[in-house]
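Thanks for coming, everyone. I'll keep this short. Please have the viewer open.

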Amino acid sequence: MSKELRISIIGGGAAGFFAAISAKQHNPNAHVQILEKTSHVLAKVKISGGGRCNVCHAEFNNRKLAEHYPRGEKFLKKAFEQFDAASTMEWFEKRLVALTTYPDGCVFPLSNTSQSIIDCFMREAKKLDIEILLHHGIESITRQESGGFVLGSKDKTINTDRVIVTTGGQPKLTGLHWLEALGHPIVPPVPSLFTFNMPDEPIKEFMGLVVEKATVRIEGQKLLGKGPLLITHWGMSGPAILQLSAWGARMLAEVNYQFSILVNWLDETKESELREKLENTKKIHGGKMISNHGPFPIPSRLWNFLLTKNEINLNSRWNEVNPKQINKLVNTLLNDRYQVQGKTTFKEEFVTAGGVDLSEIHVQSMESKQVPGLFFAGEIMDIDGITGGFNFQAAWTTGFIAGKCAAQ
C-alpha cells in the first residue's frame, strides 16, 4: 500500500485556500495542510473591496482578461486556459455563493459581504478534511535527497512531499530570501496600487469630489489611466490614478515617487472639439455668467477652481472672455498639470509588483523549474493586476492549477 501523499501549503490567504481545496478535490486521499503564520486566515479577503470582496471580473475573453495585468499577462493568458473568469463564477455558484455583476464588470457576492466567501472556503476545508495550522510561520524549505521537503519554523520541522508557496506579495526583498536560497531568481518587489500625494497642490481642498470620466498621463511617458478620478485630502485617487500606479509601478519607484501628471478633465476630448464647444457656448450663452454656466460634465466647484486658476473672473460673462484666456482654459481642461510628491497605499489593498520570476515556473503546473515538487500560486509570483477583481482571479487560477498538479 502506497503511503499517503502529504501536501503543505504555506500561507492561508486566497491562493492558499484555493490551492488546498483544488489539491484535495483532485486527490481525496492526500493529506493537505495549510500553514498560516498569523492567528487568522483569509485576512486580505476579509477587507478587500471595502469588505465586500470583488471576486473576479466578468471578462470572458481570456486574451482581454490577461491585458489587465501589468506583470504576468502572457503567463496568465496560458493559465486561463485551465481556469478562467467563467470557471470562477461557476465554482462559487456551485457552492451556493450567489454572485452579482455590476455594470463595470466587477463581480461581488450577492450578500455584499466578503464573509460569504470566507464562510464558503471554511465549509469546503472542513468538508474535505483540510488541516489548518495557525501560528506556523515557515522560515526555510530544505529539499531532501530522497525527494520530499523539510519545512523549518521557529520551534519545529514538518516533513512533507509537496509544497505550494502562497505567502502573497512581499513588501520587502528580505521576505523572499528563503526562496532565493533555493535558487529562484527574484524580481525585487515595489508597491503597485497606490494613490498620489500632492502636498503643495491647492486642489486638495476639494476632497471627496469625483470626476466620473477623466484621463491621466504621467508627464513624459506614454502611460495612461482612465475612469473616475477622486480628489482626496492628500491628493488624487480613484480608478484612473490606480491604473497609472499599477502600470507605472517600477518606473515611479525609480523616480522615488516625484513626478508630474497631466489630467484631461474631459476624458478623451480633443482640442478641436473643445474649441468648437467653447465657441458655440460663447455664441448661444454669451450673456450668461461663466461661473454659472459650465458646459462640461464636471462639478461646479471644480469648474470654478479651474477658472480661477486661469485668472478668469467668476463674475465675467462668456462674451467677455478673450482669446488668450480661452487658450489657457483649453490647455487646463485637457492638460492640467499637478506635481506628485509621494504615495499612499490604497486602503488595505496593498499589492506588490515583483516576486518569484515567472521564467522559472512551469505555467501548465505552477511547479518550480528549479525544484521539482515545489509549486507557487498567487502574488508571491511576479504577477499583479489593476483593481477590479483581477488580483483575486490570478489567485484562483494559479491556486487551482498548483493544487491540481501538486496532488498528482
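Ground rules. This is a predicted model, where local features need pLDDT of at least 70, side-chain atom pairs count only at pLDDT 80 or more, and totals for chains, interfaces and linings use all residues. Residues are numbered from 1 along each chain as its sequence is written, and side-chain values use heavy atoms, with hydrogens and water left out.

Cores. A nonpolar core here is a set of buried Ala, Val, Leu, Ile, Met, Phe, Trp, Tyr and Cys residues joined through side-chain atoms within 4.5 Å. Buried means under 20% relative accessible area, exposed means over 50%, and partly exposed is in between, with a 1.4 Å probe and protein chains only. The largest core has 87 residues. Those with the most contacts inside it are Ile-7, Phe-92, Phe-121, Ile-141, Val-165 and Leu-179. Which helix gives the most to this core? Helix H13, residues 390-406, with ten residues. Helices (H or I, at least four residues) and strands (E, at least two) are DSSP runs, numbered from the N terminus. Apart from this core lies another, of 43 residues, with Leu-229, Ala-240, Leu-306 and Trp-318 among them. As background, nonpolar side chains tend to be buried together in soluble globular proteins.

Take Phe-92. Beyond four places in sequence, Phe-92 touches Phe-18, Val-55, Val-97, Leu-99, Ile-117, Cys-120, Phe-121 and Trp-396. Contact means heavy atoms within 4.5 Å.

Phe-92 is also one of the buried residues of helix H5, residues 85-94. Asp-84 caps the N-terminal end of H5, with a side-chain oxygen 3.2 Å from the backbone nitrogen of Ala-86. After H5 comes Leu-96, with a positive phi near 65°.

Next, helix H11, residues 300-309. Its buried residues are Leu-302, Trp-303, Phe-305, Leu-306 and Leu-307. What do they pack against? Strand S13, helix H12 (323-334) and strand S17 (336-341). Just after H11, Glu-311 takes a positive phi of about 55°.

Now two loop residues. Ser-114 is in the loop between strand S5 (106-109) and helix H6 (115-127). Is Ser-114 buried or exposed? Buried, because its relative accessibility is 1%. Leaving aside neighbours within four places in sequence, Ser-114 is in contact with Val-45, Lys-46, Gly-51, Arg-52 and Cys-53.

Lys-288 is in the loop between H10 and H11. Lys-288 is partly exposed, at 39% relative accessible area. Lys-288 and Asn-315 are 27 residues apart in sequence, yet 9.5 Å apart in space, C-alpha to C-alpha. Beyond four places in sequence, Lys-288 touches His-293, Ser-316, Arg-317 and Trp-318.

Last, the voids. On a 1 Å grid over the protein atoms alone, a cavity is a set of points where a 1.4 Å probe fits but cannot get out; a pocket is an open set with protein on both sides within 12 Å along at least five of seven lines; lining residues have an atom within 4 Å of a point. Grid points are joined across faces, edges and corners, and a volume is the space filled by probe spheres set on the points.

The second largest pocket has a volume of about 180 Å³. It is lined by 13 residues, and Trp-265, Leu-266, Asp-267, Thr-269 and Pro-297 lie nearest its centre.

The largest cavity has a volume of about 30 Å³. Gly-378, Glu-379, Ile-383, Asp-384, Asn-391, Ala-394 and Ala-395 line it.

Terms used
Polar contact = N/O pair within 3.5 Å; in protein donor to acceptor, adjacent residues only side chain to side chain.
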